[in-house]
Amino acid sequence: MILSSVLTTLAQGVTIVSTAPALLAQIWNMVVLIVAFAAVVALAYFSLRLMGRAKNSRGFGGNIKVIEAAGLGFQNTVQLIKAGNKYFLIGVSRTGITMIGEVDEESLNFSKPTTPQVPFENVLSKFFNKEKAEKEDE
């Protein structure tokens, strides 16, 4: 009887000791996972920044620039291109690029459009007021 209780106590002690390395292994795996995730996020961030810089500096001499583009649908745009001192209007689609015509510089308006800036607080309050009104209607 005493021998069986001693053996049971020793068995429990062995079980407790054997779970400690497993717990440390799980913690270590979690730390490695978090570090790997942070490394992937950092790599994505820096590669996107590098791609953005490369996009802006693709032309070596700076003689060709996209001045403005307007979307016309899925993968269809009209773009205003400056090549040297001339401006061209082109259509870009999935199937190709079409030159629409040349545009005089005098007919272009280079001022930025003025859109009224609505504070986010106003938009948020309208959303919550709308939500409250819908709940009251129910």
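**Overview**

An open sheet is formed by 4 strands in the order E1-E2-E3-E4, with antiparallel pairing. Strand E1 (64–73) and E4 stand at the edges with a single partner strand each, so one side of each is left without a neighbour in the sheet. On average, neighbouring strands of this sheet are turned by 20 degrees against each other, direction ignored; axes are lines fitted to C-alpha atoms, for helices over the stretch in contact, and angles run from 0 to 180 degrees between N-to-C directions.

This is a predicted model, in which local features need pLDDT of at least 70 and side-chain atom pairs count only at pLDDT 80 or more, while totals for chains, interfaces and linings use all residues. Residues are numbered from 1 along each chain as its sequence is written, and side-chain values use heavy atoms, with hydrogens and water left out.

**Composition and confidence**

- The protein contains 2 helices and 4 strands; helices (H or I, at least four residues) and strands (E, at least two) are DSSP runs, numbered from the N terminus.
- Read from the N terminus on, the elements follow the order α-β-β-β-β-α.
- The average pLDDT of the protein is 80, and 72% of the residues score at least 70; pLDDT is the predictor's confidence in each residue, from 0 to 100.
- Confidence is highest in E3, at 93, and lowest in helix H2 (residues 120–137), at a mean of 72.

**Surface and contacts of the whole protein**

- The protein has 138 residues, of which 7% count as buried; buried means under 20% relative accessible area, exposed over 50%, and partly exposed in between (1.4 Å probe, protein chains only).
- Its accessible surface comes to about 12500 Å², and 65% of this belongs to carbon and sulfur atoms; the areas come from the Shrake-Rupley method with a 1.4 Å probe, and for residues only the protein chains shown count as cover.
- Of the contacts between residues at least 6 apart in sequence, 3% join residues at least 24 apart; contact means heavy atoms within 4.5 Å.

**Strand pairing and hairpins**

- Strand E2 (residues 76–83) and strand E3 (residues 86–92) run antiparallel and are joined by 7 bridges; two strands pair if DSSP finds at least two bridges between them.
- Two bridge partners in E3 can be located: Tyr 87 is the partner of Lys 82, and Gly 91 is that of Val 78.
- The hairpin of E2 and E3 has 2 residues between the strands, and Gly 84 takes a positive phi near 70 degrees there.
- E3 also pairs with strand E4 (residues 97–103), in the antiparallel sense and over 6 bridges.
- Leu 89 has Gly 101 as its bridge partner in E4.
- The hairpin formed by E3 and E4 has 4 residues between them.

**Two glutamines**

- Gln 79 is found in strand E2 and is buried, with a relative accessible area of 17%.
- The side chain of Gln 79 makes a polar contact with that of Thr 77 (3.4 Å); a polar contact is a pair of N or O atoms within 3.5 Å, where within protein one must be able to donate a hydrogen and the other to accept it, and residues adjacent in sequence count only if both atoms are side-chain atoms.
- Beyond its neighbours within four places in sequence, Gln 79 is in contact with residues including Val 66, Phe 88 and Ile 90.
- Gln 75 is found in the loop between E1 and E2 and is partly exposed, with a relative accessible area of 42%.
- The phi of Gln 75 is near 60 degrees, a positive value in a residue other than glycine.
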